[in-house]
Amino acid sequence: MTNINKDFLVHATLAELFFGRRDGVVAHVFGHIYKPCDGLLNLHMVASGASGGSMNPQRWMLVVCFSLASVFGTGESVTTAETQTYTCTTFGSGVVQPFNGSAFYVHSNCPFIFTRFTHNRVKCDVTVRRGDNGLLVQVEIIINKVRTVLQNGSILVEKKSVSLPYDHTYQHIFHYGLYTRLRSSLLPLSVTWHDVPGGIDSLRVRGTSSCKHTNAYIQQLISESVLSEDTCQIRDPIFTVNQECREFFSYTLDCLQARTPFYMQLCEENIYGYELNEHIVCAFFKEIVLQCGNNSYAWNIWRYVTRCAEPTCPGDLVYVEQGAAFIPSCSNPNPRFSNQDMTSSCVCPKGEVLNDHLDGFQCVVESSCPCVFAGRSYLTGDIRSTKCQSCVCDGGRWLCSENFCPPRCLIEGQFVTTFDGKQYAVPGKCAYVALQDLDWTIKIEFSEKEASLKAVTLQLYQETFTFEHNMVKTGDEEITELHQSGKKQKKSAYHVLVFWQSSMYVQIYTSFGLKIQVQVSPEIQIYITSPKNHTGIMSGLCGNSNNDTTDDFTTSSGIIENSAQPFALSWSLGSCAVNIPNKIFADDKCSVLNNPAGIFAKCHGHIPPEQYHTACVQRTCNCGGNLQQCLCVSLGSYAKACRSLGVELGDWRKSTNCSEFSFSMALNTST
């Protein structure tokens, strides 16, 4: 939009005054009275008659309102004294609520920039567009160049449809009660929406940002906020007296009080032309009731008054106006959530949990939950046995005998298996504490360019051992064959033996039971056997070896996290950059691990391949060198795990084009 008439520039000057005053002063814009952040911002205006490339006052005022909605910077990192949490909501057929207590109505099918800001050099854009049915038909969210599009009930990330829950290095998308939520890992930002037939009836953006209002900023909003299309239109709001609105607001006087006339007019604007669209009508009433809260008079009667039916829940689930955003299930009977995680939701009847191991949304008492291993369900009383132990299913939990095989922690690239068997991928290429005790520490350091280890360091009392590619050192002295040492401490003595087990493996034995095997070629990998008398007092990426997976994600500060990323980052040393994967090669080649008819299928019943597949994708797509070699190392990790249980896979290297990488899996698979 290049042509802006002189009258419009006068309006911009007035708007700058409007933005610049935050003391409740009333500003006159376009001959109408507006009071910022208080009451209803009305958009009843007469079109200026500007044509062609000019932006008429109606469009410009929309820009002003969206700038209020977004509270963002100018596309640069802005440092100001005013940083706040904001929530911007749009719902119904065009209601926008930038702050609590202010709202306005926009009747348009044009695309608009809903919010735009930069936080710590990470850029974010949220663009919205409504259809002729009044609902949002497209929402585009771009965070650090990763584009997510909500359209036709689908979620597309970088043009690929995704299923939920979706975990990405930069963002997570998951069900949140009746809603769907995108939470950024890089920004203090969440986007929550509600899908209905025909589009989205409510969208909420919540985050923090810095405020900056200048004339240049206004001009930028003029040129950027309205994304013009030849076929789109911005219409004047129209409203007539609507008895449904009037009756509803007669029950909200206790919470809206003097603002009631403003919201009544907003209701009539929202409903005009969409009287028969229950999603448009009911979304408006619900948002108002949510603002009034569960102590308001309208909370328990609004559906009866408005004839808005409760949502239908699948299976055994029942609808609650305010319930748990995350439903207790057999897999997670006690999900952690705060009071902020109470929302409209479908939940199981009291005393029951969702059986998420079966389709059909069946609710059961927790003691009737099945157990799952390697994709197979087991009923209470069923027994399964492996080389190392036997387990019996008891109400969704495995009760296992003592593990005859000593617990091991595996760190293979960015893929970690804790002593207690929990598997995850570390999020960034930096240095971490893999395991520590009172007298010793094992540290790992990742390559800056590839998803592989650069070095492993063992600090044992006053000695330091460093393991790098094809090299082992104690202090500055290289160990070429064998090294042993020992010292007597005040209360105990220790001995350590380090020797080359083969051209690829270095073995470390200690007198107190800690055993370590380090693969130093073609990539560094580490296998740690826990000392028995240290169970429960160790910590780090490997966990504490107490036969309880629920506390494996204990951070360096002692807090138990639900997800791997905050847990792993708490054990990082110094700054840790999270990397975005490029999955083109990895997605194609790593799928061989999951192939039910492939070379690895024989092992699927013993070791579920899903975690190894995730690790393969992450390692390979972050590979900065030979992609095939990175792939083969990942496949070799699964092959080695299978062999440790006595499962022979045949010549997997030949069938996966890994023959040229001659690392042998036959060499000492135990430590």
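How many of the 9 residues of strand E9 (residues 122-130) are buried? Here are a few friendly notes, with the reminder that this is a predicted model.

1. Let's start with that strand. E9 is mostly covered, with 7 of its 9 residues buried. For this count, buried stands for under 20% relative accessible area.

2. E9 has a partner in strand E8 (residues 112-119), and the two pair in the antiparallel sense over 7 bridges. Within this pairing, Ile-113 stands opposite Thr-127 of E9. The hairpin of E8 and E9 has 2 residues between the strands, and Asn-120 there takes a positive phi near 50°.

3. E9 also pairs with strand E10 (residues 136-143), again in the antiparallel sense and over 7 bridges. Thr-127 turns up here too: Glu-140 is its bridge partner in E10. In the hairpin of E9 and E10, 5 residues lie between the strands, and Gly-134 takes a positive phi near 90°.

4. Further along, have a look at an open sheet formed by 7 strands with antiparallel pairing, in the order E37-E36-E35-E34-E33-E32-E43. Its edges are strand E37 (477-478) and strand E43 (572-573); each has a single partner strand, so one side of each is left without a neighbour in the sheet.

5. Which residue of E37 is the bridge partner of Lys-473? The partner of Lys-473 is Glu-478.

Technical notes. Residues numbered from 1 in each chain as written. Predicted model: local features only at pLDDT ≥ 70, side-chain atom pairs only at ≥ 80, totals over all residues. Heavy atoms only, no water. Buried < 20%, exposed > 50% of the residue type's maximum accessible area, 1.4 Å probe, protein only. Helix = DSSP H or I, 4+ residues; strand = E, 2+ residues; numbered from the N terminus. Pairing = 2+ DSSP bridges.
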